[in-house]
Amino acid sequence: MTFTSRVVVRCLALIFAALLPVVGRAELVRFEIQKREPFAGGAEFGAAGSYERIVGRAFFELDPELKQNGNVIDLKLAAKNSRGKVECSADLFMLAPANLTKANGAALYDVNNRGNKLAMRFFNNGGGGNDPISLADAGDGFLLKHGFVVVWSGWDGELLPGGDRMQLQAPVAKSNGQSITGRVRCEIVPTGNATRTVVNWANHGSYRPTASGLAQATLTQRLLPGDPRVEIPRDQWKLHVADSAAAHQLPLVELELPAGLKRGHIYELIYEAQDPLVHGTCFTTVRDLMSALKQGTGQNNPLTHAGQPVVKRAHGFGVSQSGRFLREFVYAGFNEDEAGRKVFDGIIPHVSGSGLGSFNHRFAQPTRHATQHDHADYPPDRFPFAYETQTDPLSGLTDGILRRSTASGTTPFVLHTQSTSEYWNRAGSLSHTDPLGNEDSKLPSNVRVYLFGGTQHGPAGYPPSKGDGQNLANHADYRPFLRALLLTLDRWSATGEAAPPSVYPQLAEGTLVDWKPDAMNFPMIPGVNFPKVIRNPALLDLGPRWQSEGIIDQHPPVKRGLYVMRVPKCDADGNELSCLQPPEVAVPFGTFTGWNLRSKAADAEGELVSLTGSYIPFAKTKTEREAAGDPRLSLAERYSSHADFVAKFSAYCQKLASNGYLLADDLPKLIELHAERAKSVLP
């Protein structure tokens, strides 16, 4: 056979293979659309025109033998249909142009946080409701004016119904049809004194206790995470289990302690439970949904036009827990769909710190997190932390967030964004250092890291209040950055135009340092206490089956060593260096930090207020600051007039816009807002 003949035969074979039905792949089976109706009364959003609300459910089938599903813990223990597939489904909500030809080709998947939709709040300055329907919910219409399709789906199997929260109907793992049992651990930190409280966060169910689990459960109490656990006798407290309406839904479990649960104290409940969810399907449902939208597959696909998909690019955005979801989604290999194609073209894991999550293991509890005061012994902050491949000196493991996607050729562009609160509460520095904080990591070319200096996890309201903190909460707003960066991410994916350079403190530059005040160069401000604690994650020994099977046998876990945290260095005002500072931090009325300490009234005095920063105003005049002993220049010494402040503020905004970190269209409102605030602040 000649070379030409061999080529012809091979091509014919490939064509014939492509026409055959695909064996062993299931993906998204069908969409069930319950409502398709005008959004915001049919209001027009620029060139994209009016939008529709598309509400329903998506149904999936998974082949447990397919390698792309091999990382789903306990998938092979779930019930199978007649085709040998595992079924699951998820709530679905989308906003799309009524005329699909006006879509910009990109879908933004907003990983809802505990069932709550966040994209309209973070990008549109809109309402925070879970059923966006009005013009007020649309805010300024940013995402819609730019033609994005906005997508939400249920992924959290713990959630209880209500409040338009989005739910995942995950399968249950069984052993030969019998219930699987295992111990679970629930940490409870009351926000006020009480005698009865939910075992999990509000609106979340808990795994059903077995009969022996109810009888033999243990409850301990301590004030600080490092204090010894003190057991509370079993006859002094009760567990209440409320049956759920749906078979797949976890029940509501409540703890009753007649003697009283104390505000800020840490209670730890451990009991035997049954029927673990196959919760790793949270990743496969998102994977298969976004793949179906990009490929135009799935029965009744609502986002096709003339038989072709309108979504060409998909981006994932997640805040906090949801940002950790995106990191673990990519880390565990789920950015490769069942056909080996890339799912998300770009992701923005926002305020995730260096964490992963409790998403994909036996008896997973996705709402669990890890901060300095509470939930410190949960496994979200675990190796790997960085996007590059590293070797962990504590465990000996070699891994990286992008290792699997690099091997499969499905790595997305990554814009890793975080506030300074993540450096104190969420081990944020480990996302760009080695595990012991000795060297800067080498960021892959497709990754950018942006630290929004002088901000907290979520901006406080203005004017700020103290809440549980010793200082006013931090109101610096990073959201204008996110708008510019989303458009940057889409251009990077669509045209190859790279995102602007990373901005974050580094060890080599001397701007990432130890968290002691002298190393940080933090000023001695009268009446302000500096933290004596930081979130310091440990290598947790979760038992012999954790690494290989995703099963936790050790409750509570044993610490086998500590990772090392670093924080940004400060200028003379206590504001951070080598960061992407919001204009109100760069041209400030005070010091903005990523930490705040619990007040005496909040109990656990001196611990970090979870994910909250501080705003410490400057004195108005030189006389006032000298009388107080404040080393920071007063407002009068910084700004000669209101016009002087506005000029400096405007110049900084223009600089950010010229470098691609702010949108020119956003500058007028931003300058107007802070010029108005200055009228009541300046002397």
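What share of the 683 residues in the chain is buried? Buried residues make up 59%; buried means under 20% relative accessible area with a 1.4 Å probe, counting protein chains only. The model is predicted: local features need pLDDT of at least 70, side-chain atom pairs count only at pLDDT 80 or more, and totals for chains, interfaces and linings use all residues. Residues are numbered from 1 along each chain as its sequence is written, and side-chain values use heavy atoms, without hydrogens and water.

**View 1. The whole chain.** The chain holds 17 helices and 29 strands. These are DSSP runs numbered from the N terminus: helices are H or I with at least four residues, strands are E with at least two. The C-alpha atoms fill a box of roughly 90 × 65 × 55 Å along the principal axes.

**View 2. Strand β2 and its cover.** Strand β2 spans residues 51-62. Of its 12 residues, 12 are buried.

**View 3. β2 beside β1.** Strand β1 (residues 28-38) pairs with β2 in the antiparallel sense over 9 bridges. Pairing requires at least two DSSP bridges between two strands. Arg36 stands opposite Ile54 of β2.

**View 4. β2 beside β3.** Strand β3 covers residues 86-97 and runs antiparallel to β2, joined by 12 bridges. Ala58 has Ala90 in β3 as its bridge partner. In a regular strand, side chains alternate between the two faces of the sheet.

**View 5. Charged side chains.** The chain has 70 positive and 70 negative side chains. Lys and Arg count as positive, Asp and Glu as negative; His and the chain ends are left out. The centres of the two sets lie 2 Å apart, with each charge placed at NZ of Lys, CZ of Arg, CG of Asp or CD of Glu.

Note on methods
Buried < 20%, exposed > 50% of the residue type's maximum accessible area, 1.4 Å probe, protein only.
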